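This report goes through one protein chain, from a single residue to the whole outline. Keep the sequence and the structure in view while reading.

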Amino acid sequence: LAAIVESSEDAIIGKTLEGTITSWNKGAQRIYGYSANEAVGQPISMLVPPERPDEVPKILEKVGRGEKVVHSETVRVTKDGRRLDISLTVSPIRDNEGSIIGASTIARNITERKHTEEALRFLAEAGEVLSSSLDYRVTLSRVARLAVHGLADWCAVDVLAEDGTLEQLAVAHQDPEKVALAYSLDAQWRHRS
């Protein structure tokens with residue numbers, strides 16, 4: 001069993017019901033970047049994004065009642081600050097008398113799968129947008145907004161005009177002030193050309 005745990009690609013982590021890490025396999029080290037020496041004894045909350053402070057206490061409360069959390073999708077933070085999409089299964093650990101003394105977590109990195117799903121969803125939605133209008137200006141503007149919503153922080157669409165110059169058709173960003181800035185910078189750049 002120890003060999004299986006140690007060779008698993010998934011992170012297998014033991015912790016107390018208070019959230020202190022008690023065991024950390026090589027899969028956890030590969031996924032999160034912390035060695036066992038760095039992780040054991042630390043709070044499991046070191047892996048949790050700051051905007052999710054209640055997530056671990058709720059999971060541990062559930063496990064403390066003897067319930068299991070199965071394939072819960074969440075986000076975790078690595079040692080170097082990257083955010084990963086993770087699927088968690090958390091189970092109670094019981095002593096010889098059957099009392100719950102901790103929790104066992106199996107965490108699988110599903111980041112690549114989530115990115116693939118998002119890209120496929122974007123392509124399907126973009127296909128619908130592209131087929132919905134014959135006005136290419138409206139269509140490309142909608143695709144730019146769709147790209148920002150699903151895949152990117154920022155999107156600009158330029159087209160080659162008949163006279164050989166570039167024409168900016170659309171800019172999309174989550175912050176409307178940055179959209180205005182992009183149009184302003186584009187106008188300044190064209191003025192200098």
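## A buried aspartate

A residue is called buried when its relative accessible area is under 20%, and exposed when that area is over 50%. Aspartate 85 has a relative accessibility of 18%, so it counts as buried. The model in which this value was computed is a predicted one.

Aspartate 85 sits in strand S4. Leaving aside neighbours within four places in sequence, aspartate 85 is in contact with Thr74, Val75, Arg108, Asn109, Ile110, Thr111, Lys114 and His115. Glutamine 174 is 89 residues away from aspartate 85 in sequence, and their C-alpha atoms are 22 Å apart in space.

## Overall layout

The chain contains seven helices and seven strands. In sequence order, they give the pattern α-β-β-α-α-α-β-β-β-α-α-β-β-α. The globule rule gives 16 Å for 193 residues, but the radius of gyration of the chain is 24 Å, well over that value, so the chain is more spread out than a compact globule.

Along its principal axes, the C-alpha trace spans about 80 × 35 × 30 Å. Of the 193 residues, 35% count as buried. Among contacts between residues at least 6 apart in sequence, 37% join residues at least 24 apart.

## Strands S3, S4 and S5

Strand S4 pairs with two other strands. Strand S3, residues 69-77, pairs with S4 in the antiparallel sense over seven bridges. S4 and S5 are also antiparallel, and they pair over nine bridges.

Particular residues show how these strands line up. Valine 69 stands opposite valine 90 in S4, and arginine 76 has leucine 84 in S4 as its bridge partner. On the S5 side, serine 87 has arginine 108 as its bridge partner.

Both pairs are hairpins. S3 and S4 have five residues between them, and glycine 81 in that turn has a positive phi of about 90°. S4 and S5 likewise have five residues between them, and glycine 98 in the turn has a positive phi of about 95°.

Most residues other than glycine have a negative phi. Which value does phi of histidine 71 take? It is near 50°, a positive value in a residue other than glycine.

Histidine 71 is found in strand S3. With a relative accessible area of 58%, histidine 71 is over the 50% cut-off, so it is exposed.

## Nonpolar cores

The largest nonpolar core has 23 residues, and those with the most contacts inside it are Ala11, Ile13, Trp24, Tyr32, Leu47, Ile86 and Val90. At least two residues of this core come from each of strand S1 (11-15), strand S2 (21-24), helix H2 (26-32), helix H4 (55-64), strand S4 (83-94) and strand S5 (100-109). Apart from this core lies another, of twelve residues, among them Val143, Ala144, Ala147 and Cys155.

What does valine 90 touch, not counting residues up to four places away in sequence? Its contacts are Lys15, Ile59, Val63, Glu67, Lys68, Val69, Ala103, Ser104 and Thr105.

Helix H5 runs over residues 111-132. At 1.5 Å a residue, its 22 residues should span 32 Å, and the end C-alpha atoms are 32 Å apart, which agrees.

Thr111, Phe122, Ala126 and Val129 are buried in H5. Seen down the helix axis, the buried residues of H5 fall within an arc of 60°, so they line one face of the helix. An α-helix has 3.6 residues a turn, so residues three or four places apart point the same way. On the other side of H5, Leu120, Leu123, Glu128 and Ser131 are exposed.

## Helix H7

Helix H7 covers residues 176-192, and serine 184 lies in it. Is serine 184 exposed, partly exposed or buried? Its relative accessibility is 32%, so serine 184 counts as partly exposed.

Serine 184 and leucine 123 are 61 residues apart in sequence, and their C-alpha atoms are 30 Å apart in space.

Conventions
Residues are numbered from 1 along each chain as its sequence is written. This is a predicted model: local features need pLDDT of at least 70, side-chain atom pairs count only at pLDDT 80 or more; totals for chains, interfaces and linings use all residues. Side-chain values use heavy atoms; hydrogens and water are left out. A nonpolar core is a set of buried Ala, Val, Leu, Ile, Met, Phe, Trp, Tyr and Cys residues joined through side-chain atoms within 4.5 Å. Buried means under 20% relative accessible area, exposed over 50%, partly exposed in between (1.4 Å probe, protein chains only). Helices (H or I, at least four residues) and strands (E, at least two) are DSSP runs, numbered from the N terminus. Contact means heavy atoms within 4.5 Å. Two strands pair if DSSP finds at least two bridges between them. The expected span of a helix is 1.5 Å times one less than its number of residues. The arc is that of the directions from the helix axis to the C-beta atoms. The radius of gyration is taken over C-alpha atoms; the globule rule is 2.2 Å times the number of residues to the power 0.38.
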